[in-house]
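Visitor: I would like to learn how to read a structure. Please take me through some features, one at a time.

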Amino acid sequence: MNTLRYIAFRLLQAIPVLLGVSIITFTLMAATPGDPVRLLVGDRASPETIALVRDRYGLDEPILMQYFTYLKNLVVGDLGASLRYRVPVSQLITQHYPVTLFLVIYTIVLTLPPVIVLAVWSAKRQNGPADQVIRMLGVLGLAVPVFWLALLFARFFGVTLGWFPVSGFGETIPDHFRHLFLPALSTAIWVVPILVRTLRAALLEEMNRDYVVTGQSKGLGDRQIFRTHVFPNSVLPTLNLFAVIVAYLLGGSVIVETVYAVPGMGKLMVDSILARDYFVVQGATLVFALTTILVMLAVDLLSALIDPRVTP
């Protein structure tokens, strides 16, 4: 019952957060130079046509009135209609969001195994040659820009070798994995060093605690102590950072989806910003914010499941 009350409380907390996100996004889009109607109808459109389009989308009203109208429609689940695509924003999000979600999950799947292996290997061989190499590679991974790495992979593995597609999403599930391998790998290479450093530090801290010596004095093997006590206790701080990383992956999808022309939320966001498509940008931003909130909530609940002392 406490868990359900906690979930309800967190979801209520999300309301002012989403409200603040909507206000900031609406204000920034309104202040962005350029006229979306001009981009939509072209430079040769008559004043009557421009006025008709403005009236249709409510762009002839004062900014404050436009926001309250948008907020009123948002309460009933209406995200508005796209100026560019002439379809409801909810339909566009339904089409593009699964692609970004697939990319994020794919990146996580590529990230977790090397993080666990490298962090454990490095912690058990502290200050040894393997530890030094892993830490050096981690610094190198953090220093390489994601967009440059994405371009490099697309050029070498996609164009030169022809192993992977460099654009699109594919039609079947195997095609999805092939098309998104390079975007997921480009992002994972940046994420892995961050999580390895965090998990390594947590492992070293737990390995030096008194309960490890106590377990050894009772005849428990090092592997058993590490597997049943050290590693689970070290996961929690890394898990909290992982939630932040997932939020970054959602926002970072803008980079890799643009480089690889992946039809996800990131590319939709970039195209909509360039086209001044207000309602799509606002709707996509709200979806990103809501997803981040839900991920944070899921991580908090998972942390409580791993360690009952962490009570939600």
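Guide: Start with Leu 151, which is found in helix α7; helices here are DSSP runs of H or I with at least four residues, numbered from the N terminus. The model is predicted, so local features need pLDDT of at least 70 and side-chain atom pairs count only at pLDDT 80 or more, while totals for chains, interfaces and linings use all residues. Residues are numbered from 1 along each chain as its sequence is written, and side-chain values use heavy atoms, with hydrogens and water left out.

Visitor: Is Leu 151 buried, exposed or partly exposed, and why?

Guide: Buried means under 20% relative accessible area, exposed means over 50%, and partly exposed is in between (1.4 Å probe, protein chains only). Leu 151 counts as partly exposed because its relative accessible area is 48%.

Visitor: Which residues form the nonpolar patch on the surface?

Guide: A patch takes residues with over 30% relative accessible area and no salt bridge, and nonpolar side chains (Val, Leu, Ile, Met, Phe, Trp, Tyr) are joined within 5 Å. A salt bridge would be a side-chain nitrogen of Lys or Arg within 4 Å of a carboxyl oxygen of Asp or Glu. Here the members are Phe 147, Trp 148, Leu 151, Leu 152 and Ile 255, with about 480 Å² of accessible area together. Helix α7 (residues 146-160) supplies the largest share, 4 residues.

Visitor: How many aromatic pairs does a search of the whole structure find?

Guide: A pair of aromatic rings is described by the distance of the centres and the angle of the planes. Rings of Phe, Tyr and Trp (its six-membered ring) pair if their centres lie within 6.5 Å; planes over 60 degrees apart count as edge-to-face. The search finds 8 pairs. One of them is Phe 102 with Tyr 106, edge-to-face at 6.2 Å centre to centre and 75 degrees between the planes. Both lie in helix α5 (residues 89-124), 4 residues apart, about one turn of the helix. Phe 102 is partly exposed because its relative accessibility is 21%, whereas Tyr 106 is buried, at 10%.

Visitor: What does His 96 contact, leaving aside its neighbours within four places in sequence?

Guide: Contact means heavy atoms within 4.5 Å. His 96 is in helix α5 and touches Pro 263, Gly 264, Met 265 and Leu 268. His 96 and Leu 268 are 172 residues apart along the chain, yet their C-alpha atoms are separated by 7.5 Å. His 96 is buried because its relative accessible area is 16%.

Key
Patch = residues over 30% accessible without salt bridge, like charges linked within 9 Å, V, L, I, M, F, W, Y side chains within 5 Å. Areas by Shrake-Rupley, 256 points an atom, 1.4 Å probe, with all protein chains shown as cover. Helix = DSSP H or I, 4+ residues; strand = E, 2+ residues; numbered from the N terminus. Phe/Tyr/Trp six-rings, centres within 6.5 Å; stacked < 30°, edge-to-face > 60°.
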